[in-house]
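Here are a few friendly notes to read alongside the model. Please keep the 3D view open as you go through the points.

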Amino acid sequence: MPDTKDIQPDVQLAPVQPKVQVEVGQQLPQYDNELTTLNLGPTHPATHGVFQNILQMDGERIISGVPTIGYIHRAFEKIAEHRPFYQITPLTDRLNYCSSPINNMGWHMTVEKLLGIEVPKRAQYIRVIAMELARIADHLICNGILGVDTGAFTGFLYLFQEREKIYDIYEEICGSRLTTNMGRIGGMERDFNERAEAKLRAFLKDFPAVMKEFEGLFNRNRIFMDRTVDVGPIAADRAISYGFTGPNLRAAGVDYDIRVMNPYSSYEDFEFEIPVGHNGDTYDRFMVRNDEIWQSYRIIEQALAKMPKGPFFADAPEYYLPPKKEVYRSMEALIYHFKIIMGEIDAPVGEVYHPVEGGNGELGFYLISDGGRTPFRLHFRRPCFIYYQAFPEMVVGTTLSDAIVIMSSLNVIAGELDA
Amino acid sequence: MSNQAIIDDLTARFGDTLLDIHEPYGMLTFTAPRENIIDVLQYLYNHPAFKFQFLTDIMGINYAELPGNEFAVVYHLHSWTNNVRVRIKVFAPATDPVVPTATGLFAAANWMERETFDFFGIVFRGHPNLTRVLNMEDMDYFPMRKEYPLEDQTRHDKIDAYFGR
């Protein structure tokens, strides 16, 4: 094999004419005024994360925007190539840190698909509850902050109390709050206990009133609607071309939802709707997220009511840590405990892609195993990274204050953007 | 819409240039030559029945031990009308890691290809703005290539062989 280190690809190749012309942005008219260059970010309070936009401004109008990202790039894909599977879960926590459980479960399900592990129904239902709670928390943050960016702080404070309660439930399920590392390959690390159930029931009881109050504050609020209706619209065909998924795509009127298209973790057992918007503007994104919160609420109620009895982990001794009692008592459990912790299990050869419906859209894990103890290659399809490239197209022609609102409603999470 | 129907149609159109057709975990996977990868993508895009019009992802792989095929670019396409996914691989040698761009078909391919270039140094011919996207611009290597180890090579207390890496 030639030494690839010496090969520097020539980036200055002459551009060839693509088969189909793609329009990048729009043709800018000639400006007589003096233009201002504005650095929005990297540490601007309104960007909600570390990323930068270099905006060319004519007065308050934006005439072009160039996003610069990668400020919190942590090389997760490279690190993952050197970690046994169970040590990759904490990396996924830090992708979209507003809804870590979805990332964790997505990763577990990817590995389970590779290994052919069938997870018991009870574990699947617990996972559904955790994932839907995460979706609620994710949307609460996005919509609450959208309110803050339009000048309404109250709704944010109301919602953050509920988010706090969701984090309390996480704590009962897995012991941690923000970066959850929840679940294990093959099931959950512990059963769904009474305290978790009590907290969940209390949350389900209190939440609708708060959410209704929030919706009452915003949904038909004149000031809020003036700031969001017809701001940053994106048509369905552009959104699809830009790889939009999740609430941002559904706001444009496309009912694409992985939970329905490719059900995983028993989502086919539950009754829920896919809310869609009309023209994909900021208001539609806000409303779609609000409606999705109610649908998630419905799913949690059903999952709790139908929660099956039985084991909460699969019979996968090579991946699921044996109970500690067993480790002290039985030789076999001790061996497996040691082998798992030291990462001495060889995975089968194969390549698998598993998508889940993350807080922001299709969160995909593409895992290639060459039969070793670590992934040969692991790629995260991060919805934020893919749809954020549409941001310049969406903000050109709007004002700076609208750009902030558009960015906020896209729910760009820096951790997921940069991986 | 079965995978067999798709592959029958594709082989009728492209002959036996499509190699290594298999279905790992139910997803149709094949290798296309890099000269006509855009034709394949365009054909699948325009096909009246298949309608593979959503680009899920583009990513690179470094198969360090495959001489002549060191780099692969993987396209995941999704047909929403049929709810079928396909995975297309394109190989390129390390001496000439150049693949035509898909930005003409999908706007989303822009940053996906920039990311692939950023980490593997795979050049997408015809890309409107092929610069690094996540790493610093003055970086002079491509970190996801297998020749770059993760850990600091000056440390002797961490021997990968102990951990089976």
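This is a predicted model: local features need pLDDT of at least 70, side-chain atom pairs count only at pLDDT 80 or more; totals for chains, interfaces and linings use all residues.

1. Helices here are DSSP runs (H or I) of at least four residues, strands are E runs of at least two, and both are numbered from the N terminus.

2. Who touches whom? H3(A) brings A:Ser100, A:Pro101, A:Ile102 and A:Met105, while H4(A) brings A:Arg127, A:Ala130, A:Met131, A:Ala134 and A:Arg135. Contact means C-beta atoms, placed from the backbone, within 7 Å.

3. Now zoom out: chain A has 17 helices and 6 strands. Its C-alpha atoms fill a box of roughly 80 × 65 × 35 Å along the principal axes.

4. How many residues of chain A are in contact with chain B? The number is 50, and they meet 49 residues of chain B. Among the elements giving two or more residues to this side of chain A are strand E4 (349–357), strand E5 (362–370) and helix H14 (383–387).

5. A word on conventions: residues are numbered from 1 along each chain as its sequence is written, and chains are lettered from A and ligands numbered from 1 in the order written. Local features need pLDDT of at least 70 and side-chain atom pairs count only at pLDDT 80 or more, while totals for chains, interfaces and linings use all residues.

Conventions:
Two residues are in contact if their C-beta atoms, placed from the backbone, lie within 7 Å.
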